[in-house]
Structure formats: C-alpha cells, structure tokens
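Student: I'd like to learn how to read strand pairing and chain contacts off a model. Can you walk me through it?

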Amino acid sequence: MIDILLQPFAFEFFRNGFVAAVLAGALCGMLGVYIILRGMSYIGHGLAHAIFGGAVVSFVLQWNFYVGAGAWGFLAALLINQLARRTKVSADAAIGVVTTASFAIGVALISRYRRFTRSFDAALFGNVLGVTAGDVLVVLGVTLAITFLLLLFYKYLLFTTFDEPVARVYGVPTGWVDTLFALMLAAALIASLQILGVTLIAAALVIPAITARLLTDDFNHLMVLSTVLGALTGAGGMYLSYYVDVASGASIVILQATIFGVVLLYGTRRQREDVLEHTHF
Amino acid sequence: MEPLLELRNVTFGYGRVPVVRDIALHIHEGQFVAIVGPSGAGKTTVLKLVLGLLTPQQGERWCARSTLRIGYVPQIETVDWSFPVTVEQVVLMGAVRRAPFWPWARRDDREYARQILEQLGIGALRKRHIRDLSGGQQQRVFLARALMAKPDMLVLDEPTTGVDMQTAENILHLLADLNQQGMTILLTTHDLNTAAAHVPWIVCLNETIIAQGAPHEVFTEEILNRTYRADMMVIHHDGMLIVQQRPHPHTLHDILPDHVPGHPPDETQGGTA
C-alpha cells in the first residue's frame, strides 16, 4: 500500500502536480464556500472561460500568461459584478454575456492565428505533465495570499455574503469587498487552470463546498471542511490520474462528485431514519 | 431642538414615477417613531432613505453627526435562513466596525453579545442555527445584532410582521423599554393597534406624509381613510384606541349561499337543496 502511495513520487512531474493539485483543491474549496453562499455557482465556469480568452490574447500579444490572463479575468469579474449591481441584468445573465463573449474572443483568435505552438487542450482539460516548479510556486503564493486575505477580511466577507445591504448600513465597504473577492477569484482560477482546466474548474469550486454544506450548519466548520475536502480530493485525484491514466482535472472532479453522491445518499438515509425514529406506528 | 436625522423634502422613485415624494421627516434624539401605511405606500423606501441606502432624487438627507451609528433590523422575510450561521455569529456581525480584521471576536465583544442575548431572553440559543428559532426569537436575534453595534438609533423594518399577536406585543414592549433607556427608534409597521398602544409618535404615509403626531391625533377616521384609501373606523375603548377597517357589507353567505353551514339556501333565490 505504501509502495502504491510513494511510487509516483519518483517522478518530478507527479511531485509538482501533486503539490499543485492539493493546493489548488484547497484554494477552490475555500473560495467555493463564498461562491455557493452567494448563489454564484456558475461564476467559476464562466470566469474560467473568460480567462481562456485572456490567455489566448496574452499569447497573441506575447504577454506573460499570468499577467495577461489575470488582468483579463479580474476585469471580467468586475464587469459581471457591476452589471449585476448597477443594471437590470441579473448575475447569471451577466456571467453568461461577459464570459462567453470573452471565450469567443479566444476561439476567434485561435481560428484566425493558426500558428499556435502551445497546446490549449491542457488549458481546457488540465494536464499535470505541464506543471513546472515555477507553476507550483505560483499556486503556493496565490494560496498563501488568499488564505491571508480571507482571514484578514473574514468578518467583512461573511457579513457581505450574508446580507449585503445590511452590511453597508453597519459600515462594511461592500463595494471594496466585492472587488477584493473578484480579484481573489481571478487569481485562484488562473493558478488552478493548469491542473484542473477551464472546463472542470467550476466543479472544483462548487463540489467540495456544497458537499461540506450538506455536513454542517456552522460557517467556520464549513470553511475548514470544504478546504480539507478540496485538498484531499486534489491528492486522491492525482493518484487516480496516475494509475488510471486520465486527465488530472477529470480525475479530481470525478472523485469530488463521488464523495458528494455518497454524502448526499448518507444525508437522505439519515433524514429518512430520523423521520422513522420520530414516527410512532 | 436640532433633530438627530432629517429627510428634507425628499422625493425618490425607482423609475420616473416617484415612490415617495416631498417627505419631510425629523427624528429627534430619544424619539420613538412608527411609520404606518398600506403595502406599497413607500415605508421601506423611506427607511432606506433614512439609512442612506438610497440617494434622494430631490431634497436631502441630513444627519446631526457625521458618525451617526444606526442599528438596522431588516424585514425577516429578506433573511436567508439557510445561511450557515449560528445566533452568536449573527449577533457578532453587529460589532464588525469595532474590530474589522481577523476572524476572532474580541473578548469584550463576546461578553457584550452574551449580555444582550441574556437581556433579550435568548441567551441559551446562542449556539443554535438561526433557522431553528421561532419568529419572535429570530426578530430578537436581529435586534441583538443591531444593539451590538452600540447604535445612536435603531431602525426596524416591520418588526411585528410574521409573528403572532403576543410576540408582536412583546417586541413592542421591548422596544418601548429601550426607548425609555434613551434609545432613538424608528420603525415601520402594519400593526396599527400595537403601534397605537406603544409608540408615541406616528407618521401616516402613503407616497407622501399624510399626517404625523401622537396616536390620538393621527388615528382619526379622516386621516386613516386618506392613508389607507379604505373605510377605516376608530374605536375608543377603555382608554385604548382600536383601529379596524370597516367590515365589508358582503358576507360569505352573500357570496356562497349554498355552502355556508347553518344557512340553508333561500328557496326563492333558486338554490339547490
């Protein structure tokens, strides 16, 4: 058993990928709590697509990937926020418009400039083979920075997520809080893109948080549980990816979805048992 | 005496049509004011203007202090009851400005939250999820959060909606006690009789302020008819004011003559046995 666990670590790509997947899983788990509680589960999916557009633009303009895609993702997140807040456009419609337009720009550029040397399959579906030590450092840096910011602004984020207009009355600068959250989300998505891929990152944001939500009614426990679930499924998904030979993003999400299914079934069964226990025939 | 907060001839609308117009409202320190009016009269809009959540299209909101602290209790219907927070976590949100950074509450804030919850009679519930409380207890949790902010003024939107008569009475008693201790309070309510019994200053609103004054001054049939655009009646009984919409001349028997128990159908009107 120990051999099964240790053997993949003989390869540098696995070591890099494993650390990156654990960190990306934890990161998505942490932010996912706020995303599900804000009722914005679709934003991860949309923003990842928007960032894909930004990545293609950075490649065409020969900018640094992290700077170009990061700025693009951040602007897209802000634009969604402002559209949803200041116009009659609802949040899900704003996400749909902004992010698909951005993705379309990426697709248009790919079809226009047919001289790409870089594989965009990896960006779409995730690929640990491409994770370098530099990428691991980026994920580590982003995870530490976001953990610090989430702790520092914990009270502001909690109050704004719970009830934004009331938080404003109590002196919380909710506009800034939303901007900060958009920035953190864009940074987390870019850092996780290589591991999880554009198409699967939304699941990594939502599934650990929603699974943890089924298990607890306490916000602090929810944060911890979702982060731990994200990290553990990141690790488990990497082993699955190695031994079953599937894309890392897919294996992580399949594992998360399986755990979600088990917890859901357990919860439903427990509810039924509670009802039976309290029913006298 | 200079008011604590004032709306000076304020007009506001969400589109071109004003929801409220020409609102002149003065809230003095230590005052206890209730805004009454029918649904859609603009009560919540006036509260949001008072809170500074909406900006007047005409007129201005004026505050005596630049750092006026307001404790706001929203309508409980607007709260997300499935949100994973305990009573204590909600109450501690009220202290957000005193220690804004890091997740941990200060020891004195925790102690103050415990005292407030004890005073409001829900000290034993502080570790409970907010969904697991009765309507009256839920109102008290949000009142506790407002008090946690150590406010100069309390603003409550429909604090007696969705609770039974006894709980509504208890909430108004509690607010009257807080007002006795010097707290300035502004609330909206549909419950005219409880307001008449507990609130010394009433503002009758329907798009604009119809009248304001002590309950016995404004709870007249003429003012209430204009406010509610309905046929209201005011009964003085045992030193109390009782307000009621005049019963409609139609009874259930007029509408469903065949289906009212104890009222056999009139043969002459062609009813079936």
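Student: What ground rules apply to the model itself?

Tutor: It is a predicted model, where local features need pLDDT of at least 70 and side-chain atom pairs count only at pLDDT 80 or more, while totals for chains, interfaces and linings use all residues. Residues are numbered from 1 along each chain as its sequence is written, chains are lettered from A and ligands numbered from 1 in the order in which they are written, and side-chain values use heavy atoms, with hydrogens and water left out.

Student: Back to β2(B), then. How many bridges join strand β1 of chain B to β2(B)?

Tutor: There are 5 bridges, and β1 (residues 5-12) runs antiparallel to β2(B). These strands sit in an open sheet of 3 strands, ordered β2-β1-β4 in chain B with antiparallel pairing. β2 (20-27) and β4 (58-63) of chain B are the edge strands, each pairing on one side only. On average, neighbouring strands of this sheet are turned by 10° against each other, direction ignored.

Student: Which helix of chain B lies across β1, β2 and β4?

Tutor: That's α1 (residues 43-51) of chain B, running at about 125° to β1(B). To read the angle: axes are lines fitted to C-alpha atoms, for helices over the stretch in contact, and angles run from 0 to 180 degrees between N-to-C directions. Contact means heavy atoms within 4.5 Å.

Student: What is the strand order in the open sheet of 6 strands?

Tutor: Chain B has β5-β6-β7-β3-β8-β9 there, with mixed pairing. β5 (70-73) and β9 (208-213) of chain B each have a single partner strand, so one side of each is left without a neighbour in the sheet. One of the pairs to look at is B:V73 with its bridge partner B:L156 in β6(B).

Student: And what packs on that sheet?

Tutor: Helix α5 (residues 165-180) of chain B touches β3 (32-36), β6 and β7 (184-189) of chain B, its direction making about 155° with that of β7(B). Helix α8 (residues 221-228) of chain B lies across β3, β8 (201-206) and β9 of chain B, at about 40° to β8(B).

Student: How do I read salt bridges?

Tutor: Side chains of opposite charge can pair when their charged atoms come close. The cut-off: a side-chain nitrogen of Lys or Arg within 4 Å of a carboxyl oxygen of Asp or Glu. That rule gives 18 salt bridges over all chains. Take B:R65 and B:E29, with closest N and O atoms 2.9 Å apart. This pair links distant parts of the chain: B:R65 is in the loop between β4 and β5 of chain B and B:E29 in the loop between β2 and β3 of chain B, 36 residues apart.

Student: How many salt bridges are there between chain A and chain B?

Tutor: The count is 1: A:D217 and B:R131 meet through their side chains at 2.7 Å, N to O. The contact takes 26 residues from chain A and 33 residues from chain B.

Technical notes. Pairing = 2+ DSSP bridges. Helix = DSSP H or I, 4+ residues; strand = E, 2+ residues; numbered from the N terminus.
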